Amino acid sequence: MLDFVVSHIEEPEVDNLDRKLELARADIRDEYLQNHNTPWIIGFSGGKDSTLVLQLVVETLLELPPSDRRRPVHVVSNDTLVEAPVVADHVERVLLRVRNGVEAMHLPVTVVKTAPKADQTFWVNLIGRGYPSPSRTFRWCTDRMKIQPTSHYIKNKVAESGQVILLLGVRKEESATRAVSVNRYSNGQRLNDHNDLQGCKVFRPVVNFTTDEVWQTLLQRRPPWGGSHRELITLYREGQGAECPLVLSKDDAPSCGTSSSRFGCWTCTVVVKDRSMAGFIEAGHANHEQLMDFRDWLAEIRNDPDRRMARRRSGRATHLPDGSLVPGPFTLAARREILDRLLEVERQSGRELISTDEVETIKYLWATDAASVMSTAGSGNEGGEA
Ligand code: SF4
């Protein structure tokens with residue numbers, strides 16, 4: 001789909017773009033040279049916008065004399081552990097290149113990957129606790145898998161340094177929702193308070209760039225950490241222009257798992273159709289087909305009453321105002337069925353989809369639930385909880 005994007009780049013508003021780039025870099029440089037040592041954290045999703053921010057920051061650091069490169073910069077990338085394999089591989093390769101590059105260039109940059117807590121991964125919640133596959137009305141995943149891991153890292157840095165500056169690749173043009181959110185929190189200053197994270201200021205160096213300008217810049221410039229942006233371009237072309245940005249607050253969350261269909265978790269049952277997965281399959285990533293079939297099956301069984309418990313794991317039953325029962329988590333039998341099928345898909349696709357640690361945590365949760373079901377059955381109470 002990048003063909004589409006590129007073909008819409010109008011004859012270079014080069015002057016304009018050059019001027020915009022000059023201003024963005026001047027802004028970055030000026031902010032970096034402020035007379036304090038507040039660390040910078042770059043939220044890096046591996047998508048085009050955060051790649052551009054990272055590139056502009058690294059280029060700016062390289063232009064500074066080594067004695068001025070005093071402020072620590074953290075490049076933070078979150079891995080939900082259920083990223084589409086082709087996206088996960090891309091991000092992994094870029095992070096490795098950036099890590100090696102900044103080390104060789106002696107820049108004060110640390111590359112970090114965050115992930116959900118071991119007991120809060122997608123599989124532990126879905127298969128271990130039996131949470132139904134996420135939907136628009138019960139989207140339990142975004143907070144646990146995206147917001148909390150990165151927020152936790154930022155809060156730790158705030159605790160160490162008193163304050164952090166978070167650089168994000170958000171742009172007004174990205175979407176109507178994003179434009180509203182950008183405007184709502186913009187105070188006309190370079191730095192804005194983060195809506196949810198105390199001590200965290202937000203800096204958006206490319207907020208006024210258009211999509212075409214982002215692509216044009218990336219097409220014209222090689223990344224200073226080596227390699228090229230070719231792989232990123234291919235990824236977008238194959239994934240049909242979708243992207244899942246770093247999600248740091250519930251304001252960002254509407255873009256996660258919606259019909260705007262960005263690169264998201266391969267397991268996402270919130271979207272009706274995962275366009276990026278379909279694009280990857282069409283482009284020849286055959287092993288994504290088994291994954292997409294599995295995801296479709298997860299969506300299908302979500303509302304099967306035979307696979308859902310009548311009560312929540314706590315034993316409580318929840319009723320709607322009309323008196324009907326809200327189904328509880330997946331039954332233990334359904335959870336076993338999901339794990340068996342997942343392990344079969346893993347074997348067929350030749351790629352690890354669930355870790356041994358997750359399987360162990362899941363089995364522990366099953367044992368706990370089974371014991372709780374037996375004890376509540378003995379006391380006349382029948383069930384479990386979500
Ligand atoms: S992409 Fe889908 S599954 Fe992943 S966190 Fe967002 S809504 Fe949840």
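**Entry 1: helix 6**

I began at helix 6, where a kink of about 40° lies at Ile-147, shortly before the proline Pro-149. I note at once that this is a predicted model, and I read every entry below with that in mind. Helix 6 covers residues 141-161, and I find that its 21 residues reach 30 Å from the first C-alpha to the last, close to the 30 Å expected at 1.5 Å a residue. Just after helix 6, I came upon Gly-162, which takes a positive phi of about 90°.

I then listed the buried residues of helix 6, among them Met-145, Lys-146, Ile-147, Pro-149, Tyr-153, Ile-154, Lys-157 and Val-158. What covers the buried residues of this helix? I see that the cover includes strand 1 (40-43), strand 2 (73-78), strand 3 (109-114), helix 5 (122-128), strand 4 (164-167) and strand 6 (200-203).

**Entry 2: two loop residues with positive phi**

I looked up two residues in the loops on either side of helix 4. Leu-81 is found in the loop between strand 2 and helix 4, and I note that it has a positive phi of about 75° although it is not a glycine. His-106 is found in the loop between helix 4 and strand 3, and its phi, near 55°, is again a positive value in a residue other than glycine.

Are these side chains buried, partly exposed or exposed? Leu-81 counts as partly exposed because its relative accessibility is 38%, whereas His-106, with a relative accessible area of 67%, is exposed.

**Entry 3: cysteines**

I checked for disulfides and found that the structure holds 0 of them. I also looked up two cysteines: Cys-141 has a relative accessible area of 10% and is therefore buried, and Cys-268 likewise counts as buried, at 14% relative accessibility.

**Entry 4: helix 11**

For helix 11 (residues 287-301), I compared span with expectation: at 1.5 Å a residue its 15 residues should span 21 Å, and the end C-alpha atoms are 22 Å apart, which agrees. I list as buried in this helix His-288, Leu-291, Met-292, Phe-294, Arg-295, Trp-297, Leu-298 and Ile-301. The buried residues of helix 11 pack against helix 4, helix 5, helix 10 (275-282) and helix 12 (332-349).

**Entry 5: the whole chain**

Of its 386 residues, 53% are buried. Among contacts between residues at least 6 apart in sequence, I note that 74% join residues at least 24 apart.

Notes
Residues are numbered from 1 along each chain as its sequence is written. This is a predicted model: local features need pLDDT of at least 70, side-chain atom pairs count only at pLDDT 80 or more; totals for chains, interfaces and linings use all residues. Side-chain values use heavy atoms; hydrogens and water are left out. Helices (H or I, at least four residues) and strands (E, at least two) are DSSP runs, numbered from the N terminus. The expected span of a helix is 1.5 Å times one less than its number of residues. The bend at a residue is the angle between axes fitted to the seven residues ending there and the seven starting there. Buried means under 20% relative accessible area, exposed over 50%, partly exposed in between (1.4 Å probe, protein chains only). Contact means heavy atoms within 4.5 Å. A disulfide is a pair of cysteine sulfur atoms within 2.5 Å.
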